[in-house]
Amino acid sequence: MRTSGAEPVLCDLERENVEAIAHAITGCDAAVFTAGAGPGSGAERKLAVDRDGAVKLLEAASAAQVPRFVIVSAVGAEDPPDGDEVFAVYLRAKAQADAAVQASDGDWTILRPGRLTDEAGSGQVRFDESPFRGEIPREDVAAVLDALLRTPGSIRRILYVNSGEHSVADALSAALS
């Protein structure tokens, strides 16, 4: 995203309050929530980061009048399972964050990738507006986020993405048509 001229602002969403986060992002064109509690973390941290951190950033973006909000969610958040297993809690946390985003007045996009990998990106993806399983390199998710920020047609949309056979630009254009 830096190669496209974006200048990221890092902020600790667990420790900072909404006011401090709003101060950190004042003047930004967009807020992009890509944080996650990560593998090996427990249910409490999933809620603290994947739900509460996302909601804090959303509230801060509103307070700072940041016009665009994009959140990286997860396949499965559309119908999260019950239970106390950590993955179920994770999907419910993502679903609750997504619900807050959808209830907001801003120009939002919810991106739901499949399993994230650390492989090098291929630049080849598939989008859909319905859930589908798969995986995608984090590098390709970053390219998708960059494209979403420059695509007004993606506003107020929920998009699923995984590795595929088309360039990000072509796949996004097809998905939004």
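Student: In which part of the chain is Arg156 found?

Tutor: Arg156 lies in the loop between helix 4 and strand 7. Helices and strands here are DSSP runs, numbered from the N terminus, with at least four residues (H or I) for a helix and at least two (E) for a strand. This is a predicted model in which local features need pLDDT of at least 70 and side-chain atom pairs count only at pLDDT 80 or more, while totals for chains, interfaces and linings use all residues. Residues are numbered from 1 along each chain as its sequence is written, and side-chain values use heavy atoms, with hydrogens and water left out.

Student: Why is Arg156 called partly exposed?

Tutor: Its relative accessible area is 39%. Buried means under 20%, exposed means over 50%, and partly exposed is in between, with a 1.4 Å probe and protein chains only. The value for Arg156 falls in between, and therefore Arg156 is partly exposed.

Student: What makes Gln65 count as buried or exposed?

Tutor: The relative accessible area of Gln65 is 70%, so Gln65 is exposed.

Student: How do you know which residues Ile155 touches?

Tutor: Contact means heavy atoms within 4.5 Å. Not counting residues up to four places away in sequence, Ile155 touches Arg68, Asp107, Trp108 and Thr109. Ile155 and Trp108 are 47 residues apart in sequence, with their C-alpha atoms 5.4 Å apart. Ile155 is placed in the loop between helix 4 and strand 7, and its relative accessible area of 25% makes Ile155 partly exposed.

Student: What makes a set of residues a nonpolar core?

Tutor: The set must consist of buried Ala, Val, Leu, Ile, Met, Phe, Trp, Tyr and Cys residues joined through side-chain atoms within 4.5 Å. In soluble globular proteins, nonpolar side chains tend to be buried together. The largest such core in this chain has 19 residues, of which Ile25, Phe33, Leu57, Phe69, Ile71 and Val101 touch the most other members. Helix 2 gives the largest share of this core, 5 residues. A second, separate core of 18 residues includes Val141, Leu159, Val161 and Val168.

Student: How do you know whether Val141 is buried or exposed?

Tutor: Val141 has a relative accessibility of 6%, so Val141 counts as buried. This residue is in helix 4 (residues 138–149). Leaving aside neighbours within four places in sequence, Val141 is in contact with Val72, Leu111, Pro113, Leu116 and Ile136.

Student: Why is the radius of gyration of the chain said to agree with that of a compact globule?

Tutor: The radius is taken over C-alpha atoms, and the globule rule is 2.2 Å times the number of residues to the power 0.38. For 177 residues, a compact globule would have a value near 16 Å; the chain has 15 Å, and therefore agrees.

Student: What is the overall make-up of the chain?

Tutor: The chain has 5 helices and 8 strands, in the order α-β-α-β-α-β-β-β-β-α-β-β-α. Of its 177 residues, 41% count as buried.
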